[in-house]
Amino acid sequence: TYALKRYWRPTHPDDSSVYPTERDIYELLDGGPDVFEEESLHDGETYDTSDDSQDADELEESHDTDETSQGGDEGSDNACEEPDDPAEQPEASERPRHALAAHDISVNGGFDRTLELIRRGLTGESHKKPIEPLGPLINESDPDAENRVDRVSTTDLKILRDAPGEPADRCHTQVLMPVGIPIKMFASLFEFLRCLRDCILDHKDAHDRFRVLHRDISGGNLLIFKALDGTTFGRVIDYDHAKRAGSTIRIPISHKSHPQSLLRRTRKMTPVAVNEDVLTVALNWVDKPWYAAEYIGSAVKAIVGNSPAKGSVKAAQLWNLPDQTRRWPNWLERKPRTVEHTGTLPYMSAEVIASETVITPPGQTEAPPFAHQAIHDLESFLWVLVRICLTRKGAGVDMYRDELKEDAKEYDPELAAVLEQYFGTRSPPSLQIKKMFLMHQPTKFDVVINHFHPYFNPLKGLVRQWWHILILGYKYRAYEFFNIHQCIVRLLDDALKDSTILDYDKEGEARVMAERRKHEQK
């Protein structure tokens, strides 16, 4: 089953390398521009994208498509059966491509663009978009159902208010993509974490190999797919708001050896017992001994815990140490557009909402200039996880919590208030203030965690640790900032080895698989 995604993409004729189209990005991720030349779809049928004038309705009708399961729409899914060995992962070659075909729609020999074909030179005035009331919440198994949170307008009202009257030019585009299952319809806690890990690795691959940053991580953009061998895997979709760095910079870490006198001074200030390799790594990132000692104490507390095991903490307990001589995408070279969409509001970090750096690193007199970075997307991944833990009561379809249904006797107004504060508000300044408070008072995140459904109790420690690692990255801009993917994948790897997660809800997997098959047929 395939989905035909249609939307109006911003056009950037003078800066296409920094603002790649979604087609450009899928060409990179799927192995080169030749992937769109001719793709087998059904029983030998092919679609040749060289004919850009082909009518969109003809393309849509010629294939078995489902428009309700792609992008932010979370209404339907494939029936993805779990393999006999859930730990076995499909090879990349066994996974379907991100997209099978993509092209811009043409009308009367020209591309369907807002300024040239629709506005024909007319300009408008900027204004606040009126906030429309949300419709009633319906079951996700109903036809064309959407989750209410993901229908919140993603336009930043502050940006819209300050924007000049000149509108952005957009081009009518369509992309043919495989259909997946929204990650919230996981079959087991193990599949949920494994597919979330896959999505983060997918994000890391785009970031590290191709200097592409997604910038719109949300619940509707994380899907579960089925590989050719029947195993399931997670994938990030919808790169229509991604950016690509045109150059790289050196990661700000020194590689010099430190005199014993400096190591001794740092050790005296460090609040926990650590090996010398910990001191060396910290001083390579934070060159002042008192700040390095503070960084070590914060790292041990966030990663190892308040009560580390007896003996000195080793560097390997805190950090995986990949090659830190690699280059980092230079996101600062790229200036944001005037009315730019940079994420789905409930999942955006405070820094992205504010378009400024919130925490000034110790020892610096002013905050570093802001740019949307990998760490901001990894925070969005966390908010997806948090929302699922707050709103779901287990694995499967139609698992919305009874405590959030106002007409149910189990209705919990405190839970509803927490959900409204962080996921229901459509005021960017209000959400920014709430998330900035959590950044400056990380332990207050427990106010959110304490409202998780009991089914997700095994994930509370993981979520708490994830949040503290993010704060570590934001505050010190050291190892965690430039290796945030590795840090979070390591967390998830440890969780997936936990017998509690492995065996948590195995008995219910068959039931959920049957529900997902029935849901697809419906």
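What percentage of the 522 residues of the chain count as buried? In this predicted model, 54% of the 522 residues fall into the buried class. The chain holds 19 helices and 14 strands, and among its contacts between residues at least 6 apart in sequence, 79% join residues at least 24 apart.

Two packed helices are described by the angle between their axes and the distance between the axes.

| Helix pair | Axis distance | Axis angle | Handedness of crossing |
|---|---|---|---|
| Helix 8 (residues 289-304) and helix 15 (residues 460-476) | within 9 Å | roughly 165 degrees | left-handed |
| Helix 6 (residues 260-269) and helix 8 | 8 Å | about 50 degrees | right-handed |

With axes that cross at roughly 165 degrees, helix 8 is therefore roughly antiparallel to helix 15, and their crossing is left-handed. On the side of helix 8, the contact is made by Tyr291, Glu294, Tyr295, Ser298, Ala299, Ala302 and Ile303, while helix 15 contributes Gln465, His468, Ile469, Leu472, Lys475 and Tyr476. Sorted by class, the residues of this contact comprise eight nonpolar, three polar and two charged.

Helix 6 packs on helix 8 at an angle of about 50 degrees, and helix 6 is therefore oblique to helix 8, with a right-handed crossing. Here Leu262, Arg265, Thr266 and Met269 of helix 6 meet Pro289, Trp290, Ala292 and Ala293 of helix 8. The residues of the contact between helix 6 and helix 8 divide into six nonpolar, one polar and one charged.

The side chain of Arg392 reaches the backbone oxygen of Gly396 at a distance of 3.0 Å, which lies within the 3.5 Å limit for a polar contact.

Leu176 is placed in strand 7 (residues 170-178), and because its relative accessibility is 3%, Leu176 counts as buried as well. Which distance in space separates Leu176 from Lys5, C-alpha to C-alpha? Although Leu176 and Lys5 are 171 residues apart in sequence, their C-alpha atoms are 6.3 Å apart in space.

Conventions:
Residues numbered from 1 in each chain as written. Predicted model: local features only at pLDDT ≥ 70, side-chain atom pairs only at ≥ 80, totals over all residues. Heavy atoms only, no water. Polar contact = N/O pair within 3.5 Å; in protein donor to acceptor, adjacent residues only side chain to side chain. Axes fitted to C-alpha atoms, helices over the stretch in contact; angles between N-to-C directions. Helix = DSSP H or I, 4+ residues; strand = E, 2+ residues; numbered from the N terminus. Parallel < 35°, antiparallel > 145°, perpendicular 65-115°, else oblique. Left-handed = near helix turned anticlockwise from the far one by under 90°. Contact = heavy atoms within 4.5 Å. Nonpolar A, V, L, I, M, F, W, Y, C, P; charged D, E, K, R; others polar. Buried < 20%, exposed > 50% of the residue type's maximum accessible area, 1.4 Å probe, protein only.
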